Amino acid sequence: MSKRRILHAADIHLDSPLQNLESYEDAPVDHIRGASRRALENLVRLAIDEEVDLVVIAGDLYDGDWRDQNTGLFFVAQAAKLTRAGIPLVVIRGNHDAQNIMTSSLPLPKNPDGSEIMLAAEKVDCRIFESIGVAVHGRSFRKKAETDDLSKTYPKPLSGMFNLGLLHTSLTGAEGHDNYSPCKPAELTAKEYDYWALGHIHIRGEHGSEDGAPIVFSGNIQGRHIRESGEKGCVIIDINSRGKCTRTFHPLDVVRWESFEINAAKIEYVDDIIEEYERWLQQTVNTIDDRLLVSRVSIVGETPIHNDLHQSRRRLEASLRATAITHGGGQAWMEKFRLRTSTPNHELNMGDLEGPLASVSKIFDDLRSSPERGKLIANEFSALLKKVPEQEEHFSAGNDQWVDELIESAAAELLGRLQGSEDAN
């Protein structure tokens, strides 16, 4: 049999809700909100342009029940484009679109051979495509918290076919992902399939042994927040006449999330940070084609300009945001700014501080080293939050990094003002 091509994608999360973007006046909300749809359009266009023989989606097509029918209608339209082009599509449900949490449904187009697109949840379902010699074995999630090892129910491979296992799984576990349908790579290898198309883990990667079937997470097709940074897309599998396959990654994302971290240990002036960000921004924009770049800037490390950074925090953040606009070629936005520096000795430089200034510095040193610092700050903030409850979502006393950042900013600001006041007298 001649060369065959299969497109493997997962975790579309169509119309995934975005949180807190509206709180930024300059945020490109519409561009980011529509990113999952544009990425799916890119997938369909790629499948047609690359003349693939089959598309498989390994779960989490949706991000939960639809707010309205437009989410489902959009997928129906994209699926219809594939089937009209003669490309069959096979989909399983994952934890985010499990059978029991999807109360909405729409009739889906049939594949060119008349088969259903969505695979069953009651048992392992199979789609056989005789014309290309491919058998797809898969099973949708019945419920969100599918903690059983579904791979155990997958049957033996069909003789004379290229057998592809379609599975939504955490495998042996991954940080930031619930432990659903867990299994071991060796157990998948023992099934003697030719390829395992996995979903659920949003980071692209391969598992298994060299002499076994490829066990592949394609990752999600569009990053949704800063923890999903870098290229996102799908994998195209090329199968030769002997049934062996090679894999090629194709980016599909329209919004690229990236983190920019600078160690301020050798930074002499605050403005040097702006220049570093400008250089990184221009280099990064040149590598992402026409995508929108959303960046998070973090300044870390022990630095002698620690106090200066915290005292000029607001001006620095505004300058960095302006830099993203003016030097990002019209395709960059800074999502968040994090200032997490310290003095070289992990404490404020006492210098010539004495009297009240030394006492204030000692208070901050004690607070910084206290294991109860988050609780202490929470008690102080509780009265203020009652007056401005809309700010409560931004308060995170249980986040040590956030609390430490708040302490450092307050310490530098207060001591800076007190020192300035004394100098003026």
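## A residue in a loop

Let's start with H200, which sits in the loop between β7 and β8. Strand and helix labels here are DSSP runs counted from the N terminus, with at least four residues of H or I for a helix and at least two of E for a strand. The phi angle of H200 is near 110°, a positive value in a residue other than glycine. Its relative accessibility is 4%, so H200 counts as buried (buried is under 20% relative accessible area, exposed is over 50%, and partly exposed lies in between, using a 1.4 Å probe and protein chains only).

## What you're looking at

This is a predicted model, where local features need pLDDT of at least 70 and side-chain atom pairs count only at pLDDT 80 or more, while totals for chains, interfaces and linings use all residues. Residues are numbered from 1 along each chain as its sequence is written, and side-chain values use heavy atoms, leaving out hydrogens and water.

## The sheet around β7

Strand β7 belongs to an open sheet of 6 strands with mixed pairing, in the order β4-β5-β6-β7-β9-β8. At the edges are β4 (125-129) and β8 (205-207), each of which pairs on one side only. Two strands count as a pair if DSSP finds at least two bridges between them. From one strand to the next, the twist averages 20°.

Now look at β7 (residues 195-199) and β9 (residues 215-217): they run parallel and are joined by 3 bridges. For W196, the bridge partner in β9 is I215.

## Another parallel pair

Strands β12 (residues 255-263) and β13 also run parallel, with 9 bridges joining them. Here W257 stands opposite V294 in β13. Strand β13 (residues 292-302) has 10 of its 11 residues buried, so the rest of the structure largely encloses it.

Helix α2 covers residues 35-49, and its 15 residues should span 21 Å at 1.5 Å a residue; the end C-alpha atoms are 21 Å apart, which agrees. (The expected span is 1.5 Å times one less than the number of residues.) Its buried residues are A35, S36, A39, L40, L43, V44, L46 and A47.

What does α2 meet? The axes of α2 and helix α3 (residues 70-84) come within 9 Å and cross at roughly 10°. That makes the two helices, α2 and α3, roughly parallel (under 35 degrees is roughly parallel, over 145 roughly antiparallel, 65 to 115 roughly perpendicular, and the rest oblique). Axes are lines fitted to C-alpha atoms, for helices over the stretch in contact, with angles from 0 to 180 degrees between N-to-C directions.

Among the residues making the contact are L40 and V44 of α2, along with F74 and F75 of α3; contact means heavy atoms within 4.5 Å. By class, this contact has 7 nonpolar, 3 polar and 4 charged residues. Ala, Val, Leu, Ile, Met, Phe, Trp, Tyr, Cys and Pro count as nonpolar, Asp, Glu, Lys and Arg as charged, and the others, Gly among them, as polar.

## Just past the helices

Is E51 buried or exposed? With a relative accessible area of 63%, E51 is exposed. You'll find E51 in the loop between α2 and β2 (54-58), and its phi is near 55°, a positive value in a residue other than glycine.

Helix α7 (residues 313-327) has 15 residues that should span 21 Å at 1.5 Å a residue, and its end C-alpha atoms, 21 Å apart, agree with that. Buried residues of α7 include R313, L316 and R321. After α7 comes G329, with a positive phi near 60°.
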